[in-house]
Amino acid sequence: MSSSYKPIVAIAGLNGALGQQTLAALLSPQFISYFQLPIRVLTRNPSNLDGYVYSADMAQYLYADYNDPEVLDAALENVDVVINLLGMYPRSWIRLGEAAYRIGAKLYIPSEFGPDHRYFNYQSPFAQKQVQSDRAREDGIKSVQIFCGIFMEHAIPSGRHLGIDLPSRRVIAVVPAGRSEPRVSFTSVRDVAMTIASVASRRPSSLPDAIRIAGDTWTLRQLGEYYQSLIGARVHVTTQNYSAFSASVLHGGHQSISSHYQLAAGAGLLDYSTNSNEWASAGMWQWRSIQHLLAGI
(Lines give C-alpha, C1' and ligand atoms only; values in the text may rest on other atoms or scores of the structure.)
Protein backbone atom coordinates (compact mmCIF):
# COMPACT_ATOMS: atom_id res chain seq x y z
CA MET A 1 0.00 0.00 0.00
CA SER A 2 1.21 3.48 -0.81
CA SER A 3 0.03 6.70 0.80
CA SER A 4 0.86 8.53 -2.44
CA TYR A 5 -1.59 6.42 -4.46
CA LYS A 6 -5.18 7.48 -3.72
CA PRO A 7 -7.59 6.08 -6.30
CA ILE A 8 -11.15 7.15 -6.99
CA VAL A 9 -13.33 4.12 -6.28
CA ALA A 10 -16.81 3.11 -7.41
CA ILE A 11 -18.84 0.14 -6.20
CA ALA A 12 -21.85 -1.43 -7.91
CA GLY A 13 -24.30 -3.63 -6.04
CA LEU A 14 -24.94 -1.75 -2.79
CA ASN A 15 -27.92 -3.88 -1.77
CA GLY A 16 -26.29 -7.24 -2.40
CA ALA A 17 -24.64 -9.54 0.12
CA LEU A 18 -21.43 -7.48 0.19
CA GLY A 19 -22.53 -3.95 -0.70
CA GLN A 20 -23.01 -2.23 2.64
CA GLN A 21 -20.11 -4.06 4.28
CA THR A 22 -17.74 -3.15 1.44
CA LEU A 23 -18.70 0.51 1.58
CA ALA A 24 -18.12 0.41 5.34
CA ALA A 25 -14.72 -1.23 4.79
CA LEU A 26 -13.65 1.41 2.25
CA LEU A 27 -14.62 4.11 4.76
CA SER A 28 -13.23 2.29 7.80
CA PRO A 29 -10.42 3.79 9.91
CA GLN A 30 -8.05 1.24 8.37
CA PHE A 31 -8.67 2.31 4.77
CA ILE A 32 -10.38 5.67 4.46
CA SER A 33 -7.10 7.56 4.05
CA TYR A 34 -6.14 5.43 1.05
CA PHE A 35 -8.97 6.67 -1.19
CA GLN A 36 -10.20 9.90 -2.69
CA LEU A 37 -13.60 10.74 -1.26
CA PRO A 38 -16.45 10.46 -1.79
CA ILE A 39 -16.72 6.79 -2.72
CA ARG A 40 -19.06 6.49 -5.69
CA VAL A 41 -21.93 4.10 -5.13
CA LEU A 42 -23.89 2.95 -8.16
CA THR A 43 -27.50 2.04 -7.43
CA ARG A 44 -30.67 1.63 -9.46
CA ASN A 45 -32.62 3.85 -7.07
CA PRO A 46 -30.57 6.50 -5.18
CA SER A 47 -33.74 7.89 -3.58
CA ASN A 48 -34.62 4.60 -1.90
CA LEU A 49 -31.52 3.21 -0.17
CA ASP A 50 -31.39 0.30 2.24
CA GLY A 51 -29.09 0.39 5.25
CA TYR A 52 -26.89 3.18 6.53
CA VAL A 53 -26.61 6.25 4.29
CA TYR A 54 -23.32 8.17 4.48
CA SER A 55 -22.96 11.92 4.17
CA ALA A 56 -22.27 13.42 0.75
CA ASP A 57 -18.60 14.01 1.53
CA MET A 58 -18.14 10.30 2.26
CA ALA A 59 -20.28 8.56 -0.37
CA GLN A 60 -21.91 9.78 -3.56
CA TYR A 61 -24.97 7.72 -4.51
CA LEU A 62 -25.42 7.69 -8.28
CA TYR A 63 -28.11 6.29 -10.56
CA ALA A 64 -27.00 3.24 -12.54
CA ASP A 65 -28.75 1.77 -15.58
CA TYR A 66 -26.80 -1.21 -16.90
CA ASN A 67 -28.71 -0.99 -20.17
CA ASP A 68 -27.61 2.61 -20.80
CA PRO A 69 -23.87 3.07 -21.54
CA GLU A 70 -24.09 6.86 -21.29
CA VAL A 71 -25.53 6.72 -17.78
CA LEU A 72 -22.87 4.22 -16.68
CA ASP A 73 -20.06 6.23 -18.22
CA ALA A 74 -21.24 9.41 -16.51
CA ALA A 75 -21.38 7.69 -13.12
CA LEU A 76 -17.88 6.24 -13.57
CA GLU A 77 -16.15 9.26 -15.09
CA ASN A 78 -12.51 9.53 -13.85
CA VAL A 79 -12.88 6.44 -11.63
CA ASP A 80 -9.71 4.38 -11.10
CA VAL A 81 -11.16 1.28 -9.42
CA VAL A 82 -14.49 -0.39 -10.26
CA ILE A 83 -15.77 -2.94 -7.74
CA ASN A 84 -18.52 -5.25 -8.98
CA LEU A 85 -20.69 -6.56 -6.14
CA LEU A 86 -23.71 -7.39 -8.28
CA GLY A 87 -25.42 -10.75 -7.82
CA MET A 88 -25.78 -13.35 -10.58
CA TYR A 89 -26.43 -10.91 -13.42
CA PRO A 90 -23.86 -11.87 -16.09
CA ARG A 91 -25.14 -9.36 -18.65
CA SER A 92 -24.79 -6.49 -16.16
CA TRP A 93 -21.30 -7.74 -15.24
CA ILE A 94 -20.18 -7.44 -18.85
CA ARG A 95 -21.74 -4.02 -19.30
CA LEU A 96 -20.12 -2.72 -16.13
CA GLY A 97 -16.75 -4.06 -17.28
CA GLU A 98 -17.19 -2.46 -20.69
CA ALA A 99 -17.96 0.87 -19.00
CA ALA A 100 -14.84 0.49 -16.86
CA TYR A 101 -12.82 0.12 -20.06
CA ARG A 102 -14.46 3.10 -21.76
CA ILE A 103 -13.77 5.48 -18.88
CA GLY A 104 -10.19 4.29 -18.45
CA ALA A 105 -10.37 2.48 -15.10
CA LYS A 106 -7.10 0.93 -13.94
CA LEU A 107 -8.50 -1.88 -11.79
CA TYR A 108 -11.62 -4.03 -12.02
CA ILE A 109 -12.62 -6.28 -9.11
CA PRO A 110 -15.19 -8.69 -10.55
CA SER A 111 -18.19 -10.29 -8.90
CA GLU A 112 -16.59 -13.48 -7.57
CA PHE A 113 -16.42 -13.96 -3.76
CA GLY A 114 -17.12 -17.68 -3.73
CA PRO A 115 -15.46 -20.87 -4.98
CA ASP A 116 -12.33 -20.85 -7.12
CA HIS A 117 -14.02 -22.23 -10.23
CA ARG A 118 -10.80 -22.03 -12.24
CA TYR A 119 -9.97 -25.52 -10.94
CA PHE A 120 -13.36 -27.14 -11.54
CA ASN A 121 -13.15 -30.04 -14.00
CA TYR A 122 -16.88 -29.91 -14.69
CA GLN A 123 -19.34 -27.29 -15.92
CA SER A 124 -20.94 -25.08 -13.27
CA PRO A 125 -22.85 -21.78 -13.07
CA PHE A 126 -19.70 -20.18 -11.63
CA ALA A 127 -18.01 -20.47 -15.04
CA GLN A 128 -20.00 -17.41 -16.11
CA LYS A 129 -17.98 -15.35 -13.66
CA GLN A 130 -14.72 -15.98 -15.52
CA VAL A 131 -16.00 -14.17 -18.60
CA GLN A 132 -15.97 -10.75 -16.94
CA SER A 133 -12.33 -11.04 -15.88
CA ASP A 134 -11.28 -12.38 -19.27
CA ARG A 135 -13.00 -9.46 -20.99
CA ALA A 136 -11.44 -6.90 -18.67
CA ARG A 137 -7.97 -8.36 -19.21
CA GLU A 138 -8.45 -8.41 -22.96
CA ASP A 139 -9.27 -4.71 -22.71
CA GLY A 140 -6.08 -4.09 -20.76
CA ILE A 141 -7.62 -3.53 -17.31
CA LYS A 142 -6.11 -5.26 -14.30
CA SER A 143 -8.66 -7.69 -12.88
CA VAL A 144 -8.24 -9.33 -9.47
CA GLN A 145 -10.47 -12.28 -8.62
CA ILE A 146 -11.13 -12.81 -4.92
CA PHE A 147 -12.14 -16.34 -3.86
CA CYS A 148 -13.37 -16.86 -0.29
CA GLY A 149 -15.10 -20.23 -0.20
CA ILE A 150 -18.40 -19.84 1.66
CA PHE A 151 -19.80 -16.74 3.37
CA MET A 152 -19.60 -17.81 7.00
CA GLU A 153 -22.77 -16.06 8.15
CA HIS A 154 -24.79 -17.45 5.24
CA ALA A 155 -23.99 -21.08 6.05
CA ILE A 156 -23.71 -21.15 9.86
CA PRO A 157 -25.77 -21.97 11.84
CA SER A 158 -28.20 -22.63 9.01
CA GLY A 159 -28.09 -21.83 5.35
CA ARG A 160 -28.87 -22.86 1.81
CA HIS A 161 -25.38 -24.17 1.18
CA LEU A 162 -23.55 -27.33 2.19
CA GLY A 163 -26.29 -29.19 4.04
CA ILE A 164 -25.64 -27.40 7.35
CA ASP A 165 -28.58 -27.03 9.74
CA LEU A 166 -27.19 -26.61 13.23
CA PRO A 167 -30.46 -25.45 14.86
CA SER A 168 -31.98 -28.77 13.80
CA ARG A 169 -28.73 -30.49 14.84
CA ARG A 170 -28.13 -31.99 11.41
CA VAL A 171 -25.19 -31.79 9.03
CA ILE A 172 -24.83 -33.65 5.71
CA ALA A 173 -21.37 -33.86 4.14
CA VAL A 174 -20.70 -34.93 0.56
CA VAL A 175 -17.66 -37.26 0.71
CA PRO A 176 -15.83 -39.29 -1.99
CA ALA A 177 -15.78 -43.03 -1.28
CA GLY A 178 -12.62 -44.23 0.44
CA ARG A 179 -11.28 -40.74 1.11
CA SER A 180 -11.10 -38.55 4.18
CA GLU A 181 -13.78 -35.94 4.62
CA PRO A 182 -12.88 -32.76 2.72
CA ARG A 183 -12.17 -29.47 4.46
CA VAL A 184 -14.22 -26.38 3.64
CA SER A 185 -13.21 -22.74 4.00
CA PHE A 186 -15.61 -20.19 5.47
CA THR A 187 -15.00 -16.44 5.45
CA SER A 188 -17.08 -13.76 7.16
CA VAL A 189 -18.72 -11.11 4.99
CA ARG A 190 -16.84 -8.43 6.91
CA ASP A 191 -13.48 -10.05 6.16
CA VAL A 192 -14.32 -10.36 2.47
CA ALA A 193 -15.28 -6.68 2.42
CA MET A 194 -12.04 -5.68 4.15
CA THR A 195 -10.08 -7.74 1.63
CA ILE A 196 -11.83 -5.91 -1.22
CA ALA A 197 -10.80 -2.59 0.35
CA SER A 198 -7.24 -3.87 0.77
CA VAL A 199 -7.00 -4.86 -2.90
CA ALA A 200 -8.61 -1.59 -4.05
CA SER A 201 -6.07 0.47 -2.07
CA ARG A 202 -3.03 -1.00 -3.82
CA ARG A 203 -1.41 0.00 -7.07
CA PRO A 204 -2.79 -2.24 -9.83
CA SER A 205 0.71 -3.07 -11.07
CA SER A 206 1.48 -4.68 -7.69
CA LEU A 207 -1.54 -6.98 -7.66
CA PRO A 208 -1.87 -10.68 -8.53
CA ASP A 209 -4.59 -11.89 -10.88
CA ALA A 210 -6.34 -13.82 -8.10
CA ILE A 211 -6.22 -14.40 -4.36
CA ARG A 212 -7.76 -16.92 -2.01
CA ILE A 213 -8.80 -16.02 1.52
CA ALA A 214 -10.25 -18.10 4.36
CA GLY A 215 -11.50 -17.03 7.75
CA ASP A 216 -11.58 -20.65 8.95
CA THR A 217 -11.28 -24.11 7.40
CA TRP A 218 -12.99 -27.18 8.92
CA THR A 219 -14.56 -30.44 7.83
CA LEU A 220 -18.34 -30.41 8.20
CA ARG A 221 -18.01 -33.20 10.76
CA GLN A 222 -15.70 -30.99 12.85
CA LEU A 223 -18.27 -28.22 12.62
CA GLY A 224 -21.06 -30.53 13.81
CA GLU A 225 -18.96 -31.93 16.64
CA TYR A 226 -17.90 -28.47 17.80
CA TYR A 227 -21.51 -27.28 17.87
CA GLN A 228 -22.44 -30.45 19.75
CA SER A 229 -19.86 -29.56 22.43
CA LEU A 230 -21.38 -26.10 22.76
CA ILE A 231 -24.99 -27.16 23.20
CA GLY A 232 -24.46 -30.45 25.02
CA ALA A 233 -26.79 -32.33 22.66
CA ARG A 234 -26.07 -34.67 19.80
CA VAL A 235 -25.62 -33.21 16.31
CA HIS A 236 -26.31 -35.83 13.63
CA VAL A 237 -23.56 -35.82 10.98
CA THR A 238 -24.24 -38.00 7.95
CA THR A 239 -22.41 -38.41 4.67
CA GLN A 240 -23.57 -38.57 1.09
CA ASN A 241 -21.59 -40.36 -1.61
CA TYR A 242 -19.80 -37.89 -3.85
CA SER A 243 -20.18 -39.90 -7.06
CA ALA A 244 -23.91 -40.31 -6.64
CA PHE A 245 -24.34 -36.68 -5.66
CA SER A 246 -22.21 -35.54 -8.60
CA ALA A 247 -24.34 -37.55 -11.02
CA SER A 248 -27.54 -36.05 -9.61
CA VAL A 249 -26.17 -32.51 -9.97
CA LEU A 250 -24.43 -32.75 -13.33
CA HIS A 251 -26.80 -35.13 -15.08
CA GLY A 252 -29.99 -35.07 -13.08
CA GLY A 253 -31.03 -31.46 -13.60
CA HIS A 254 -30.27 -30.26 -10.04
CA GLN A 255 -28.47 -27.14 -11.21
CA SER A 256 -28.97 -24.90 -8.17
CA ILE A 257 -26.12 -22.77 -6.86
CA SER A 258 -26.46 -24.59 -3.53
CA SER A 259 -25.92 -28.02 -5.11
CA HIS A 260 -22.81 -26.76 -6.87
CA TYR A 261 -21.38 -25.48 -3.59
CA GLN A 262 -21.94 -28.93 -2.10
CA LEU A 263 -20.35 -30.57 -5.13
CA ALA A 264 -17.27 -28.33 -4.92
CA ALA A 265 -16.97 -28.98 -1.20
CA GLY A 266 -17.21 -32.73 -1.72
CA ALA A 267 -14.48 -32.59 -4.35
CA GLY A 268 -12.15 -30.80 -1.95
CA LEU A 269 -12.26 -27.64 -4.05
CA LEU A 270 -13.25 -25.32 -1.19
CA ASP A 271 -10.20 -25.88 0.99
CA TYR A 272 -8.33 -22.55 1.00
CA SER A 273 -6.24 -23.20 4.08
CA THR A 274 -3.29 -22.10 1.93
CA ASN A 275 -4.28 -18.51 1.29
CA SER A 276 -3.39 -14.83 1.03
CA ASN A 277 -4.83 -13.78 4.39
CA GLU A 278 -1.62 -12.30 5.75
CA TRP A 279 -0.98 -10.34 2.55
CA ALA A 280 -4.57 -9.05 2.43
CA SER A 281 -4.88 -7.89 6.03
CA ALA A 282 -1.26 -6.75 6.51
CA GLY A 283 -1.94 -6.74 10.25
CA MET A 284 -4.78 -4.22 9.89
CA TRP A 285 -7.57 -6.46 11.18
CA GLN A 286 -8.20 -9.85 12.78
CA TRP A 287 -9.93 -12.60 10.82
CA ARG A 288 -13.19 -13.94 12.22
CA SER A 289 -13.26 -17.64 13.09
CA ILE A 290 -16.13 -20.10 13.28
CA GLN A 291 -15.71 -20.09 17.07
CA HIS A 292 -16.19 -16.31 17.06
CA LEU A 293 -19.35 -16.66 14.99
CA LEU A 294 -20.91 -19.44 17.07
CA ALA A 295 -20.03 -17.68 20.33
CA GLY A 296 -22.28 -14.83 19.28
CA ILE A 297 -25.29 -16.97 18.34
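The entries below cover pockets, cavities, rings and some backbone details of this predicted model.

**Entry 1: the largest pocket**

I began with open space. The largest pocket has a volume of about 710 Å³. Its lining counts 31 residues, and those closest to the pocket centre are Ala17, Leu85, Leu86, Gly87 and Met88. Which elements supply the lining? I noted strand E2 (36-43), strand E8 (150-151) and helix H9 (257-266), each with at least two residues in the lining of the largest pocket. H9 gives the most, with three residues.

I then sorted the lining of this pocket by class and found 16 nonpolar, eleven polar and four charged residues. I also looked up the domains. Domain 1 (8-148 + 188-213 + 272-286) and domain 2 (152-184 + 217-267) each contribute at least three residues to the lining of the largest pocket.

**Entry 2**

How many cavities of 30 Å³ or more does the whole structure hold? The search gave me two.

I listed its lining as Leu162, Ile172, Ala173, Val174, Glu181, Pro182, Val184, Leu220, Gln262, Ala265 and Gly266. Strand E10 (170-175) and H9 each supply at least two of the residues in the lining of the largest cavity. By class, the lining of the largest cavity has eight nonpolar, two polar and one charged residues.

The second largest cavity has a volume of about 50 Å³. Around it I found Trp93, Ile94, Gly97, Glu98, Gln132, Arg135, Ala136 and Asp139. Helix H3 (90-103) and helix H4 (127-138) each provide at least two residues of this lining, and H3 has the largest share with four residues. The class count for the second largest cavity is three nonpolar, two polar and three charged residues.

**Entry 3: aromatic rings**

Next came the rings. I searched the whole structure and got eight aromatic pairs. One of them joins Phe120 and Phe126, with 6.3 Å from centre to centre and 85° between the planes, an edge-to-face arrangement. Are these two residues buried or exposed? Phe120 has 11% relative accessibility and counts as buried, and Phe126 is buried too, with a relative accessible area of 3%.

I also wrote down an aromatic cluster made of Phe31, Tyr34, Trp285 and Trp287.

Two arginines went into the notebook with the rings. The charged end of Arg44 sits over the ring of Tyr89, 5.9 Å from the ring centre. Arg202 lies over the face of Trp279, at 4.0 Å from the ring centre.

**Entry 4: backbone details**

A reminder to myself before this part: most residues other than glycine have a negative phi, and most peptide bonds are trans.

Where are the cis peptide bonds I noted? One joins Leu37 and Pro38, with omega of about 5°, and Pro38 is in strand E2. Another runs from Ile156 to Pro157, with omega near 10°. Pro157 is in the loop between helix H5 (152-155) and strand E9 (164-165).

I noted positive phi values as well. Phe113 is not a glycine, yet its phi is near 60°. Phe113 belongs to the loop between strand E5 (107-109) and H4, and it is buried, with a relative accessible area of 6%. Ala282, also not a glycine, has a phi of about 45°. Ala282 lies in the loop between helix H10 (277-281) and helix H11 (290-295). Ala282 is partly exposed because its relative accessible area is 48%, between the 20% and 50% limits.

**Entry 5: two distances**

Last, I checked separations along the chain and in space. Gln21, in helix H1 (residues 19-26), is partly exposed at 36% relative accessible area. Gln21 and Val192 are 171 residues apart in sequence, and their C-alpha atoms are 8.7 Å apart.

Val79 lies in the loop between helix H2 (69-76) and strand E4 (81-84) and is buried, with a relative accessible area of 1%. Val79 and Asn277 are 198 residues apart along the chain, and 27 Å separates their C-alpha atoms.

Note on methods: Residues numbered from 1 in each chain as written. Predicted model: local features only at pLDDT ≥ 70, side-chain atom pairs only at ≥ 80, totals over all residues. Heavy atoms only, no water. Phe/Tyr/Trp six-rings, centres within 6.5 Å; stacked < 30°, edge-to-face > 60°. Buried < 20%, exposed > 50% of the residue type's maximum accessible area, 1.4 Å probe, protein only. Lys NZ or Arg CZ within 6 Å of the ring centre and 35° of its normal. 1 Å grid on protein atoms, 1.4 Å probe; cavity = no way out; pocket = protein on both sides within 12 Å on 5 of 7 lines; lining within 4 Å. Points joined across faces, edges and corners; volume = space filled by probe spheres on them. Nonpolar A, V, L, I, M, F, W, Y, C, P; charged D, E, K, R; others polar. Domains from an automatic or database assignment.
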